[in-house]
Amino acid sequence: MNLSQRYLRGRAVPESVRWVTNQNSRWGSATPAERTIRLSDKLIGMPEWVVDYVLLHELTHLLVASHGPRFWAEMAGYADLERAKAFLDGVSYATSRGLPAGTGSAEDSPED
Ligand SMILES: [Zn+2]
């Protein structure tokens, strides 16, 4: 599946898409002048519709630089848009509160 073809009528054509380990506060970034996209390795293991949202978001930045109405209009065809944004907001919130990333906790286990 090609996200650019599916949602952006093929107009966003990246030169490269790379996973990077050094993005601590952003899920992804794009450099429109070079048509390069970088995705945080913190996305690895998240649901596919979340990773696709971030990739589509950065692809859209190759067409529209700012987060204005035109930007969101380009992405409007992505059904999981609001859900993916909420998911990532939740992850950011939990991380900022120092909540563990995993489910469950060691203290719930019996002592023996
Ligand atoms: Zn953005």
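Start with the largest pocket, which has a volume of about 640 Å³. Keep in mind as you look around that this is a predicted model.

To find the middle of the pocket, select S25, R26, W27, L88 and S92: of the 31 lining residues, these are the closest to its centre. Next, colour β2 (28-31), α2 and α4 (81-96), the elements that each give two or more residues to the lining. Which of them gives the most? That's α4, with eight residues. Now try colouring the lining of this pocket by residue type: you'll get 15 nonpolar residues, 11 polar and five charged.

Stay with α2 and pick out H57 and H61. Both sit in this helix, which covers residues 48-61, and they are four residues apart, about one turn of the helix. Are they buried or exposed? Both H57 and H61 are buried.

Now show the zinc ion. H57, H61 and H67 coordinate it, each through its NE2 atom, at 2.0 Å. If you follow the donor residues along the sequence, their spacing reads H-x3-H-x5-H.

For the last stop, go to strand β3 (residues 36-40) and select T36. T36 counts as buried because its relative accessible area is 13%, and the cut-off for buried is under 20%. What else does T36 touch, leaving out residues up to four places away in sequence? Select S16, S29, A30 and T31 to see those neighbours.

How values were computed
Residues numbered from 1 in each chain as written. Predicted model: local features only at pLDDT ≥ 70, side-chain atom pairs only at ≥ 80, totals over all residues. Heavy atoms only, no water. Donors = N, O, S within 2.8 Å, 3.2 Å for Na, K, Ca; no water. Buried < 20%, exposed > 50% of the residue type's maximum accessible area, 1.4 Å probe, protein only. 1 Å grid on protein atoms, 1.4 Å probe; cavity = no way out; pocket = protein on both sides within 12 Å on 5 of 7 lines; lining within 4 Å. Points joined across faces, edges and corners; volume = space filled by probe spheres on them. Nonpolar A, V, L, I, M, F, W, Y, C, P; charged D, E, K, R; others polar. Contact = heavy atoms within 4.5 Å.
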